[in-house]
Amino acid sequence: MGDRLGASSQTASRRLQRLESADLIEREVVADGQWIALTTAGKSRLREEYADYRRLFEDDAALTLSGGVTAGAGEGRHYISLPGYNRQFEARLGYDPYPGTLNVELDEESTRNRSELAAVEGVPIDEWEDEERTYGSATCYPARLEADAGGFEPVHVIVPDRTHHDEDKIELIAPEMLRDELGLADGDEVVVEIEEA
């Protein structure tokens with residue numbers, strides 16, 4: 001590996017140690033060397049780097065996520081309506097969101113590509129607090145929603161810094177109830193075209 005990097009074996013070993021410390025690789029020492037594997041975080045970092053390079057060198061490198069509409073737990077309605085978030089949505093997104101989110105369960109390819117969101121410039125939503133608790137920060141990514149009935153914008157993919165959603169789900173906010181505007185029901189396929197902030 002040192003030869004491939006054009007570096008000494010000690011330098012290559014130090015680089016591997018740094019990658020392991022950053023939880024980007026896992027190493028297993030065996031009798032004749034080491035087995036090295038990427039961690040989930042390592043794969044995610046590579047996807048982000050790849051997305052950055054695509055945006056630099058390819059004209060059609062826009063991020064598009066596809067999936068089916070699914071029911072949520074109803075928490076979006078509560079959080080979107082809180083005044084500390086609502087003020088920021090109006091000031092930074094330019095609209096007062098409908099109190100609720102549209103949940104989309106991503107298909108397999110989009111689940112893999114979701115990590116590319118980190119390479120897109122989003123709109124930060126700051127944490128805030130009231131007398132009872134602190135509410136976490138989030139990032140909103142401008143998007144356009146496409147469905148069989150047509151398209152809708154402005155839409156934002158909202159990604160809370162702390163979330164219980166898996167990587168195969170995203171939440172969308174908009175000034176209108178998207179289910180009503182586009183006649184959406186659970187299971188309907190939609191396409192979310194991500195834009196730069």
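Start by selecting E195. Leaving aside residues up to four places away in sequence, E195 touches V120, P142, A143, R144 and E153; contact here means heavy atoms within 4.5 Å. This is a predicted model, where local features need pLDDT of at least 70, side-chain atom pairs count only at pLDDT 80 or more, and totals for chains, interfaces and linings use all residues. Residues are numbered from 1 along each chain as its sequence is written, and side-chain values use heavy atoms, with hydrogens and water left out.

Stay on E195. It sits in the segment after β11 (189-194). Helices (H or I, at least four residues) and strands (E, at least two) are DSSP runs, numbered from the N terminus. E195 is partly exposed, at a relative accessible area of 33%. The cut-offs are under 20% for buried and over 50% for exposed, with partly exposed in between (1.4 Å probe, protein chains only).

Next, select strand β4, residues 102-106. Four of its five residues are buried, so β4 is largely enclosed by the rest of the structure. Pick out two positions in β4. V104 stands opposite V69. L102 has L172 in β10 as its bridge partner.

Move to helix α5, residues 83-93. Which of its residues are buried? Colour G84, Y85, N86, Q88, F89 and L93. An α-helix has 3.6 residues a turn, so residues three or four places apart point the same way. Then step to G94, which follows α5 and has a positive phi, near 90°.

Now show the surface. M1, L5 and I36 form a nonpolar patch with about 280 Å² of accessible area together. I36 belongs to strand β2 (residues 33-38). At 39% relative accessibility, I36 is partly exposed.

Finally, zoom out. The protein chain has seven helices and 11 strands. Its C-alpha atoms fill a box of roughly 60 × 45 × 30 Å along the principal axes. Of its 197 residues, 36% count as buried.

Key:
Patch = residues over 30% accessible without salt bridge, like charges linked within 9 Å, V, L, I, M, F, W, Y side chains within 5 Å. Areas by Shrake-Rupley, 256 points an atom, 1.4 Å probe, with all protein chains shown as cover. Salt bridge = Lys/Arg side-chain N within 4 Å of Asp/Glu carboxyl O. Pairing = 2+ DSSP bridges.
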